[in-house]
Amino acid sequence: MEKLAFLVRLEAKPGKEKQLVELLESLMKLANTEPGTVRWYGFQLSANLFGVFDTFEGEQGREAHLAGPVAKLLMEKAGDLLAAPPTIDRATLVAIK
């Protein structure tokens, strides 16, 4: 069962919203190859604010995700697509349905 998570906020540069959606779709495909990533969600909060929420059974899976292809590709594209660096919060899940 998932116990840990990341909540990532991404603010798109003006005019880069569509490319950020496309990047999130690519990141989801990469996340599907990670055995330690239980769930991965990409979402949109407003016209230019997006996010990722992903869950892990333990710290090993969460750390592997940070060192893996999803994080690498996000950071490679951040300078071109994002108005500010991603905000990454570590979370401990306390209730799951």
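Tutor: What follows sets values of this predicted model against the cut-offs behind each label.

Student: Why is His 65 called buried?

Tutor: Buried means under 20% relative accessible area. His 65 has 6%, so His 65 counts as buried. His 65 lies in helix H2.

Student: What does His 65 touch, leaving out residues up to four places away in sequence?

Tutor: Contact means heavy atoms within 4.5 Å. On that basis His 65 touches Phe 6, Glu 34, Thr 37, Trp 40, Asp 54, Phe 56, Val 70 and Ala 71.

Student: Why is Lys 72 called exposed?

Tutor: The label exposed needs over 50% relative accessible area. Lys 72 has 57%, so the label applies. Lys 72 is part of helix H3. Between its C-alpha atom and that of Leu 82, ten residues along the chain, the separation is 15 Å.

Student: Why is Gln 19 called partly exposed?

Tutor: Buried stops under 20% and exposed starts over 50%, with partly exposed in between. Gln 19 has 32% relative accessibility, so Gln 19 falls in that range. Gln 19 is found in helix H1.

Student: How far apart are Gln 19 and Asp 80 in sequence and in space?

Tutor: They are 61 residues apart in sequence, and C-alpha to C-alpha they are 9.8 Å apart in space.

Student: How do you know that S1 and S3 pair?

Tutor: Pairing asks for at least two bridges between two strands. Eight bridges join S1 to S3, so the two strands pair, and they run antiparallel. One of the bridges links Ala 5 with Thr 55 in S3.

Student: How many bridges join S1 to strand S4?

Tutor: Six bridges join S1 to S4, residues 87–92, and these strands run antiparallel. Leu 4 stands opposite Thr 92 in S4.

Student: What makes S2 and S3 a pair?

Tutor: Again at least two bridges are needed. Strand S2, residues 37–44, is joined to S3 by seven bridges, so they pair, in antiparallel fashion. Thr 37 has Phe 56 of S3 opposite. S2 and S3 form a hairpin, with four residues between them.

Student: Which residues touch the most other members of the largest nonpolar core?

Tutor: That core has 19 residues, and those with the most contacts to other members are Leu 10, Leu 20, Leu 23, Leu 24, Leu 27 and Trp 40. Two or more residues come from each of S1, helix H1 (17–31), S3 and H3. Leu 24 touches Leu 10, Trp 40, Phe 43, Phe 50, Gly 51 and Val 52, not counting residues up to four places away in sequence. In soluble globular proteins, nonpolar side chains tend to be buried together.

Student: What is the volume of the largest pocket, and which residues are closest to its centre?

Tutor: The largest pocket has a volume of about 160 Å³. It is lined by 13 residues, of which Val 8, His 65, Ala 71, Leu 74 and Ile 88 are the closest to its centre.

Student: Which elements supply at least two residues of that lining?

Tutor: They are strand S1 (4–11), strand S3 (49–56), helix H2 (59–66) and helix H3 (69–81). H3 gives the largest share, four residues. By class, the lining has eleven nonpolar residues, one polar and one charged.

Definitions and conventions: Residues are numbered from 1 along each chain as its sequence is written. This is a predicted model: local features need pLDDT of at least 70, side-chain atom pairs count only at pLDDT 80 or more; totals for chains, interfaces and linings use all residues. Side-chain values use heavy atoms; hydrogens and water are left out. On a 1 Å grid over the protein atoms alone, a cavity is a set of points where a 1.4 Å probe fits but cannot get out, and a pocket is an open set with protein on both sides within 12 Å along at least five of seven lines; lining residues have an atom within 4 Å of a point. Grid points are joined across faces, edges and corners, and a volume is the space filled by probe spheres set on the points. Ala, Val, Leu, Ile, Met, Phe, Trp, Tyr, Cys and Pro count as nonpolar, Asp, Glu, Lys and Arg as charged, and the others, Gly among them, as polar. Buried means under 20% relative accessible area, exposed over 50%, partly exposed in between (1.4 Å probe, protein chains only). A nonpolar core is a set of buried Ala, Val, Leu, Ile, Met, Phe, Trp, Tyr and Cys residues joined through side-chain atoms within 4.5 Å.
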